[in-house]
Amino acid sequence: MDTLKTESVTLDDFEAVLRLRIAAMRESLVKLGRFDPRRARMRLADRFEPEHSAWLCDGEVAVGFWMVTESDGHIILDHLYIHPRFQGRGYGSAAMALLLERADREGKEVRLTALKKSRSNDFYQRHGFVIYDEEVYDNHYSRSARWISGGISGGLGGGGGNNCS
């Protein structure tokens, strides 16, 4: 893996992001008996914000996508999808490292939601997240900022387009 970088997402990327979302979440949603491509489209369309989104790229290959927002002084990881053919190769951890470096540098808590019965729950717990609330289908996680000394390079910026150029 080259260094993971982020590239800007536009409204024109919606269908590509939707295909990635469905591919990445299909297994977990099937386990819960909740897989429905129409619902996946509606849920993404309701919250799709390209200005807060980025392709996660290894060189010129888009391996995943995320959407990161802020609310009430918290960083919110609204979406993190790694395409199934790239899962297990460290891309999710590399993306999480970028996000957590930012959170620690800014002294902000990170919050996210994961489907119950999803392998992502173990992933988030390995990265220091703890459950602070549960619903029928979801676990809500948080991770407090860690104190750091000195500056950390990196961040969430992006370039142009989903071709990861």
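Because the model is predicted, local features are reported at a pLDDT of at least 70 and side-chain atom pairs at a pLDDT of 80 or more, whereas totals for chains, interfaces and linings use all residues. Residues are numbered from 1 along each chain as its sequence is written, and side-chain values use heavy atoms, with hydrogens and water left out.

The protein contains four helices and seven strands, where helices (H or I, at least four residues) and strands (E, at least two) are DSSP runs numbered from the N terminus. Read from the N terminus, the order of these elements is β-α-α-β-β-β-α-β-α-β-β. Among contacts (heavy atoms within 4.5 Å) with a separation of 6 or more, 65% are between residues 24 or more positions apart.

Across the whole structure, 10 salt bridges are found, each defined as a side-chain nitrogen of Lys or Arg within 4 Å of a carboxyl oxygen of Asp or Glu. One of them joins the side chains of Arg102 and Glu106, with an N to O distance of 3.3 Å. Both residues belong to helix α3 (residues 91-106), where they are four residues apart, or about one turn of the helix. Arg102 is buried at 12% relative accessibility, while Glu106 is partly exposed, with a relative accessible area of 37%. Arg102 and Glu106 also take part in a network of salt bridges that links them with Glu70 and Lys108.

A further salt bridge is formed by the side chains of Arg143 and Asp104, at 2.8 Å from N to O. This pair links distant parts of the chain, with Arg143 in strand β7 (residues 138-143) and Asp104 in helix α3, 39 residues apart. Arg143 and Asp104 are both buried. The side chains of Glu134 and Lys116 likewise meet in a salt bridge, with 3.2 Å from N to O. Glu134 lies in strand β6 (residues 130-134) and Lys116 in the loop between β5 (110-115) and α4 (120-126), so that the bridge ties together parts that are 18 residues apart in sequence. Both partners are partly exposed, Glu134 at 47% relative accessibility and Lys116 at 21%.

The largest pocket has a volume of about 1300 Å³. On a 1 Å grid over the protein atoms alone, a pocket is an open set of points where a 1.4 Å probe fits, with protein on both sides within 12 Å along at least five of seven lines, and lining residues have an atom within 4 Å of a point; grid points are joined across faces, edges and corners, and the volume is the space filled by probe spheres set on the points. Of the 46 lining residues, Met25, Leu80, Tyr81, Ser120 and Tyr124 are the closest to the centre of the pocket. Two or more lining residues come from each of α1 (14-31), α2 (37-47), β4 (74-82), α3, β5, α4 and β7. By class, the lining consists of 21 nonpolar, 11 polar and 14 charged residues, where Ala, Val, Leu, Ile, Met, Phe, Trp, Tyr, Cys and Pro count as nonpolar, Asp, Glu, Lys and Arg as charged, and the others, Gly among them, as polar.

Phe123, in helix α4, is buried at 13% relative accessibility. Leaving aside neighbours within four places in sequence, Phe123 is in contact with Leu80, Gly92, Ser93 and Met96. The C-alpha atoms of Phe123 and Gly92 are separated by 8.5 Å, although these residues are 31 residues apart along the chain.

Backbone geometry was also examined. Most residues other than glycine have a negative phi. Asp72, however, has a positive phi near 50°; this residue is located in the loop between β3 (61-71) and β4 and is exposed at 73% relative accessibility. Lys117 also has a positive phi, near 70°, and is found in the loop between β5 and α4, where Lys117 counts as exposed at 58% relative accessibility.

Terms used: Buried means under 20% relative accessible area, exposed over 50%, partly exposed in between (1.4 Å probe, protein chains only).
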